[in-house]
Amino acid sequence: MEKKNKISIVLASNDLDKTMSALIIANGAKAMGMEAIIFFTFWGITVLRNNTKNSKNKSFLQKLMSIMLPNSSNKLPLSKMNMGGLGAKMMKVLMKKHNVASLQQLIDLAIEQKVRLVVCEMSMSLMGLSKEEIIDGVDYGGVCTYLDETSETCTNLFI
Amino acid sequence: MEKKNKISIVLASNDLDKTMSALIIANGAKAMGMEAIIFFTFWGITVLRNNTKNSKNKSFLQKLMSIMLPNSSNKLPLSKMNMGGLGAKMMKVLMKKHNVASLQQLIDLAIEQKVRLVVCEMSMSLMGLSKEEIIDGVDYGGVCTYLDETSETCTNLFI
Amino acid sequence: MEKKNKISIVLASNDLDKTMSALIIANGAKAMGMEAIIFFTFWGITVLRNNTKNSKNKSFLQKLMSIMLPNSSNKLPLSKMNMGGLGAKMMKVLMKKHNVASLQQLIDLAIEQKVRLVVCEMSMSLMGLSKEEIIDGVDYGGVCTYLDETSETCTNLFI
């Protein structure tokens with residue numbers, strides 16, 4: 001495989017703006033005929049949370065973590081000027097007005113275009129999330145999965 | 001073109017420390033005979049704001065966004081310990097004392113050395129900034145411009 | 001040297017989660033037989049601070065900076081939900097429970113596995129830290145050291 005035809009992204013953040021950057025780059029790469037893979041780790045895994053499901057076997061700390069984390073891609077904060085969610089709302093209004101795809105549309109497009117979405121299993125334990133709380137259509141892996149992928153990829157980003 | 005002779009940076013932040021990192025790496029690369037390109041996206045585009053100019057055709061939300069964002073490279077916050085601007089001021093005193101180039105000097109050097117500076121057009125719409133509010137000597141583009149560049153670059157950073 | 005056998009990371013943050021990501025990736029790379037190098041810059045250099053030593057020849061601003069920065073890897077904050085250190089403590093309890101190596105263990109493993117740790121000298125001046133305040137077993141360098149390394153590396157991350 002030619003290296004220049006593949007892009008890998010680690011998404012360790014759940015800020016709306018950073019998540020959008022990751023998805024826009026990955027979707028753009030796919031549209032241009034490249035391979036694209038996003039590894040969701042630490043806060044990033046909450047981007048893929050399915051808010052209709054909730055696991056029951058959690059320790060107290062896991063429950064607490066689970067409650068405090070955004071429970072769907074619609075609840076993500078901005079990395080700056082979030083102002084208790086007001087900034088993120090304002091950004092969404094601006095996105096709609098300027099015909100920028102919403103985060104949910106970007107996630108749907110990524111799945112449709114077969115961007116490979118890999119969730120870090122270690123982070124899931126730490127955040128107290130189980131596979132049934134994550135949306136369908138994703139893979140699971142660890143640092144080895146990531147390093148295997150980067151060894152044949154030239155554009156590797158950490159967002 | 002040899003891949004190792006080029007470096008691409010996405011600057012999605014307008015923190016003083018992160019902006020300095022991007023410019024120091026790009027300027028260093030140029031000084032060592034490499035090509036360097038910085039893509040300014042999201043908050044990053046405010047780094048290139050020209051505080052002497054202001055556009056008038058803005059919607060209410062764009063005006064609000066525009067007022068809240070730093071209006072020149074001299075107003076950028078620190079990513080940590082900013083303390084309402086005090087941390088950033090303290091950092092600037094330390095930079096001067098230790099002969100570290102100021103952000104404005106780093107931007108001037110980048111333009112002088114022909115580091116390619118590309119501003120993301122989608123972010124400009126979202127932030128409500130027009131081209132006349134951005135300093136001279138920069139290019140404009142989107143995710144395709146970026147992906148085209150990375151396909152022939154080996155060192156690709158997201159800052 | 002084959003490019004795919006090397007990974008370089010710039011660590012510009014001292015957040016517990018980001019520092020762990022950098023060390024887990026670098027340690028994983030070493031375990032898989034790759035070369036790994038981490039450049040510590042800006043806030044990142046405080047990760048390597050040795051809390052048993054303190055330098056005396058500091059200006060007032062340097063002393064102030066030095067007091068406000070975390071004085072060992074055990075004091076690092078989380079990038080989100082830190083809540084005055086409570087979030088970071090909660091994360092450490094969860095890490096222990098789920099058999100995730102602590103940050104100190106990750107640093108020890110990196111030194112043992114000979115991950116090359118390079119500290120940015122310019123950042124040390126700015127932060128007011130001297131070499132005697134940094135743990136043993138690290139190298140010192142600048143942007144040229146970094147760029148020299150990346151020119152023979154394919155996976156270059158900025159964390």
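Which side chains meet in a salt bridge at 2.6 Å, N to O, in chain B? Here are some close-ups of this predicted model.

**View 1. Glu149(B) and Lys6(B) pair up in a salt bridge.** These two are the answer, with their side chains 2.6 Å apart, N to O. Glu149(B) sits in helix H6 (residues 143-150) and Lys6(B) in strand S1 (residues 6-11), so the pair ties together parts of chain B that are 143 residues apart in sequence. Both Glu149(B) and Lys6(B) are buried.

**View 2. A salt bridge links Lys80(B) to Asp15(C).** The distance is 2.4 Å, N to O. This pair crosses between chains: Lys80(B) is in the loop between helix H2 (60-68) and helix H3 (86-97) of chain B, while Asp15(C) is in the loop between strand S1 (6-11) and H1 of chain C. Lys80(B) counts as buried at 16% relative accessibility, and Asp15(C) is buried too, at 7%.

**View 3. Here's the largest pocket, with about 760 Å³ of space.** It has 35 lining residues, and the closest to its centre are Lys18(A), Lys18(B), Asp15(C), Lys18(C) and Ser79(C). By class, the lining has 16 nonpolar, eight polar and eleven charged residues.

**View 4. A nonpolar patch on the surface brings together residues of chains A and C.** Phe60(A), Leu64(A), Ile67(A), Met68(A), Met83(C) and Leu86(C) make up the patch, with about 620 Å² of accessible area together. Helix H2 (residues 60-68) of chain A gives the largest share, four residues. Leu86(C) lies in helix H3 (residues 86-97) of chain C and is exposed, with a relative accessible area of 53%.

Methods:
Residues numbered from 1 in each chain as written. Chains lettered and ligands numbered in written order. Predicted model: local features only at pLDDT ≥ 70, side-chain atom pairs only at ≥ 80, totals over all residues. Heavy atoms only, no water. Patch = residues over 30% accessible without salt bridge, like charges linked within 9 Å, V, L, I, M, F, W, Y side chains within 5 Å. Areas by Shrake-Rupley, 256 points an atom, 1.4 Å probe, with all protein chains shown as cover. Salt bridge = Lys/Arg side-chain N within 4 Å of Asp/Glu carboxyl O. Helix = DSSP H or I, 4+ residues; strand = E, 2+ residues; numbered from the N terminus. Buried < 20%, exposed > 50% of the residue type's maximum accessible area, 1.4 Å probe, protein only. 1 Å grid on protein atoms, 1.4 Å probe; cavity = no way out; pocket = protein on both sides within 12 Å on 5 of 7 lines; lining within 4 Å. Points joined across faces, edges and corners; volume = space filled by probe spheres on them. Nonpolar A, V, L, I, M, F, W, Y, C, P; charged D, E, K, R; others polar.
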